[in-house]
Amino acid sequence: MNFLEKRILKDGIVKPGNVLKVDSFLNHQMDIALLDEIGKEFHRRFADKKITKVLTIEASGIAIAYPVAREFGVPLVFAKKSKSINIDGDLYVVEVESFTHKNINRVVVSKKFLSSDDHVLIIDDFLANGCALQGLISLVEDANATVEGLGIAIEKGFQDGGMRIRNLGYHLESLAIVDAMDPITGEITFREQ
Ligand code: 5GP
């Protein structure tokens, strides 16, 4: 079992509705030493890739992506959730359905910060149905940039996002893949990797 799987077993809480709460160490209160370890682990897993930018989505992706960008020594860009009706031509725009909030967010990145020269590593905290990752992939493609890989802290393997992204041929690395979780007993089962 790796360091993140151990921490999930210790402090993760299984909620009804297929939600895993990790807010005591990952996306509300943050364990900085753990985030640093996550940054190093993604750097190791994508060491053979020429990365020029790390891309994530606000808000909780930022904390995971920050140490990754620091390890690669490249800028971190985060896609912003925009409420503005008037979207100008200087933005890449995509609509993303939120798994946790069940609403649709319009998500934008300024054209200044992604270009066809970029080799992008996409990072996020969770992968469920894959809407967030597919939105981020589409922003990179709109910029004619290259998706070099995708890194996820926690993939919920019983939802089909991971399968869909891998079937599209992308290099997807998840530090922990939860294959089953039980809201009654709190039991969490990880996929052997
Ligand atoms: P997807 O777009 O893959 O369906 O869902 C991914 C997004 O939903 C992530 O960015 C994450 O913020 C949120 N999310 C999905 N599942 C969970 C979960 O079990 N726990 C938490 N805390 N967030 C989740």
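Which backbone N or O atom lies 2.8 Å from a nitrogen atom of the ligand? In this predicted model, that atom belongs to Leu20. Residue numbers start from 1 along each chain as its sequence is written, and side-chain values rest on heavy atoms, with hydrogens and water left out. As the model is predicted, local features need pLDDT of at least 70 and side-chain atom pairs count only at pLDDT 80 or more, while totals for chains, interfaces and linings use all residues.

The side chain of Asn27 places an N or O atom 3.4 Å from a nitrogen atom of the ligand. On the backbone side, a polar atom of Ala132 sits 2.8 Å from an oxygen atom of the ligand.

Now for the shell. The ligand is surrounded by 17 residues, with Ala128, Asn129, Gly130, Ala132 and Lys156 the closest (a residue counts if one of its heavy atoms lies within 4 Å). By class, the shell splits into 8 nonpolar, 6 polar and 3 charged residues (Ala, Val, Leu, Ile, Met, Phe, Trp, Tyr, Cys and Pro are nonpolar, Asp, Glu, Lys and Arg charged, and the others, Gly among them, polar). β7 gives the largest share of this shell, 4 residues (helices are DSSP runs of H or I with at least four residues, strands runs of E with at least two, numbered from the N terminus).

The ligand takes up the space of the largest pocket (more than half of its atoms lie within 2 Å of the grid points). A pocket here is an open set of points on a 1 Å grid over the protein atoms alone, where a 1.4 Å probe fits, with protein on both sides within 12 Å along at least five of seven lines; lining residues have an atom within 4 Å of a point. The volume of the largest pocket is about 770 Å³ (the space filled by probe spheres set on the points, which are joined across faces, edges and corners). Its lining numbers 32 residues, and Ser60, Ser98, Phe99, Thr100 and Asp125 are the closest to the centre. Here too β7 supplies the largest share, 4 residues.

The second largest pocket holds about 180 Å³. Among its lining residues are Met1, Arg45 and Gln193.

Finally, the backbone. A cis peptide bond, with omega near 0 degrees, runs from Glu58 to Ala59, and Ala59 lies in the loop between β3 (53-57) and α3.

Terms used
Polar contact = N/O pair within 3.5 Å; in protein donor to acceptor, adjacent residues only side chain to side chain.
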